[in-house]
Amino acid sequence: MEPVTPTTESYLTFDLGDEIFATNVNNVLEILEIPKITKVPRCPPFMRGVINLRGSVLPVIDARSKFGLGETNDTVNSCIMVLEISMQEQDIKIGAVVDAVQEVIKITPADILAAPSIGSKYRGEFIQGMVKCDEQFIMLLDLDKIFSADDTSILQQVAEA
Amino acid sequence: MDHLQHTFIAEADELLADLEHILLKCDMDLNNKESVEAIFRVMHTLKGSAGMFGFIHIGELTHHLETIFDSIRETHALLSKEIIDLTLQSVDHLKNIIHDRELGRSTNAVRHHGLMSAIATILVEPVAGGDKKAGGKSDIISTYYIIFNLSAGIFKSGNNPLYLIDDVTALGQAVVIPDLSGIPPLSDLAPDCCYTNFELILATTSSPDKIKEVFLFAEDQCGITIEKLSQTDLLSDIRFKSSVLEHALKMSQIGLKRLKSWLKNETNKSDAIARPSNKRESQRSSIRVSSDKLDGLMNLISELVTAQARLTLLARQNNIPEFSNLSENMEKITKQLRDTAFNICLVPLQTLETRFQRLLRDLSRELKKEIDFITDGIETELDKSMIERISDPLLHILRNSVDHGIEASEERVKNGKKKNGTIILKAFHSGTGVYIQIKDDGRGIDTEKIKTQALSKGLITGDTILSEPQILGLVFTPGFSTAEKVTDVSGRGVGMDVVKRNIEAIQGEVKLESRPGEGTTITIRLPLTLSIIDGMRVKIGASEYILPLAAIDKCYEIKTEKLQPGLSQKLALDGHLFPVFNLREAFGEHTEKPKHTQVIKIHHDFPACITVDSVIGEYQAVMKPLTSLYGEKDDFSGATILGDGSVALVMDTAKLIKKLSEKVHATFQ
């Protein structure tokens, strides 16, 4: 056991395209292989559908198309991260398809660099910050913001159209 | 003790509901003798159990109310509206103080005393006026000798023997002789034990059964012996009475023998009436179960149904005859079990009837409108959770009908209608749903008025062109109310939109129809159940869907090439032309088209068809909610887990077709 200061937080890193992202492990409930996903008609493309998670129905989104990284086919490394996020003051479970899950890393607040605001191809507000790790940058995601209220209304608008 | 009190509260709630129901019946027919009996019995039961569980104030109030109804029963006097009003108020009050038994809240205490004194005035009048014996019309007075032996523990059971004696003496003229011989010396005396026995000599017109009724609740704690002494009123015989009183002063039991000897001429064989204790409570055919347990049962059955689907799939994959037999048998049993469990959870709409009647009675008085309330098909059953959630919307709609719908009597007569307004509550089954209709013959809804109102509130703009149903639909918009003045009944504009929201929360629909001058009809459609449905499994593209079986009329197979491209078209089937919606188009399915397409005819408000690629078979679908992420996608009522573990969406055909036809309509415009 390495000594852990109270402010150290654990993050789970995962791949989307060529980039590495990370999210606080507190948000991650489990990681699944991709089962058969049932499509829900008339939903935006990033809504992959629903799956059976031990008897309850779990909605699944495609993280790549959600972040505008283009669609690819699932590979053997693709998996679903089951996340718990708070949306409109209520905790909901949601699955996110990612290209591969890497590892859990420990990050102290001092390591976190501010996200560059210019030249980023991602929407800045989703990114909590960046961490440099083995000569590569890892982007820390703010999940609650990604699934924020205005986003669901977009979801509804598309569904209505 | 705590859980006993909960039992009492549950029982009392039910008794009070019964009581309210009977009282409302009485209100319409003051001559109803049976109702008076029934009210008396309920009061009696309530008093007994209230005493037993330490609800003193309830006991006190019901005791006095019981006395009123007892005297009505005895003197065959007519019930008066005042008494019914007072009793209804008391019922309301009792409902409150069940949860506040020490009268902790000052409002409760004040009301309690108010009611008690109101009851006292009523009590004084008829009882004093109608002296039972002087009333004369009573039958023969008989004299009974009652030995009332109390067990030492009677106080611990919450009974007050003095109340019981009060009740007995209220039956006629009585001499009560306490037998104090059992009282031990002070050093041995336990303060919470009863050492006194009583002897009573009662001259009454009541039958022995009536006398026994008084002791109904104390039976376990005391021995009651009732002996008939004479067919005449012995207490009016001064010699007999004086010898009794004389003896009473010596404070020892008189005993039957001595009494008999005093009655020298009495040849009547005394028929000892020992009450067989097993007759006390007739066998109940129902039991009370907490709804938590029922919910648990339903959850288990849902899981069983899902497991059954896996078993059926396995049996089909492995063609073993014994296994298939077993699986089919299991399927049959599961289905029966499911249906039985559903039945347990069904509650007739009737349970709400009393609340409706009470509301209409109070409202029509308050607003001085005369209203006949007619119910039809009220025995229609609904899931208990739905009953709970439909009650407030229904009450609100009724309130609106009385307040806005029905006109004042003079206005009605002027318009050539009959003086009394009519409100009809009708419930019936049809297709996949239960329908509840509330219909009034009032003034109807003025669409012009709605338009002006909506304009002034900025809900629509001046150039909006709306069809009549669309205008009526504005009533359900938040912040809308046409009442010129706000009464405490309705008109705050927080009504119908909440009604609509509540009904939609249980996947129901609400529709409003109205003809000016003729009345308004509000129709509510509710799904039959929220948890498991009988469905048909179909396939569109690569995905499987479940259609509720009850919605399906018929299936046809046609060649896919016969279908024109586009969302909708007309097809001639069985010699009729039907609108057909192509679900492949609607769902944006771009996979390869099959050679044949199944056209499924569905009947809701009008017959319409939808197309699917293939029909797989029947399926019992355990409904799982689609998470809030899909909250607004109401063309699917939920999802279900198939035997192979994958998820299939369950269509709400009524809403789907409505949505599709609106969409087609919009493109034409």
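**Note on the strands and nonpolar cores**

1. In chain A, strands β1 and β2 form a hairpin with 2 residues between them. A:G17, in the turn, has a positive phi of about 65°. The model is a predicted one.

2. One of the pairs is A:D15 with its bridge partner A:I20.

3. Strand β1 (residues 9–16) of chain A also pairs with strand β8 (residues 100–107) of chain A, in the antiparallel sense and over 6 bridges. Here A:Y11 stands opposite A:I105. As a general point, strands of a sheet pair through backbone hydrogen bonds, either parallel or antiparallel.

4. Chain A also has an open sheet of 5 strands in the order β3-β6-β7-β5-β4, and the pairing is mixed. Its edge strands, β3 (28–33) and β4 (47–53), each pair on one side only. From one strand to the next the twist averages 35°.

5. Within chain A, strands β6 (residues 79–87) and β7 (residues 90–98) are antiparallel and share 9 bridges. A:C79 has A:V98 in β7(A) as its bridge partner.

6. The largest nonpolar core has 77 residues, and A:V50, B:I546 and B:L547 have the most contacts inside it. Another core, of 33 residues, lies apart from it and includes B:F356, B:M386, B:I445 and B:L526.

7. Which residues does B:I546 contact, leaving aside neighbours within four places in sequence? They are B:G535, B:M536, B:R537, B:Y619, B:A621, B:T640, B:A648, B:V650 and B:M651.

Terms used. Residues numbered from 1 in each chain as written. Chains lettered and ligands numbered in written order. Predicted model: local features only at pLDDT ≥ 70, side-chain atom pairs only at ≥ 80, totals over all residues. Core = buried A, V, L, I, M, F, W, Y, C linked by C-beta atoms within 7 Å. Buried ≥ 20, exposed ≤ 12 C-beta atoms within 10 Å, placed from the backbone. Contact = placed C-beta atoms within 7 Å. Pairing = 2+ DSSP bridges. Helix = DSSP H or I, 4+ residues; strand = E, 2+ residues; numbered from the N terminus. Axes fitted to C-alpha atoms, helices over the stretch in contact; angles between N-to-C directions.
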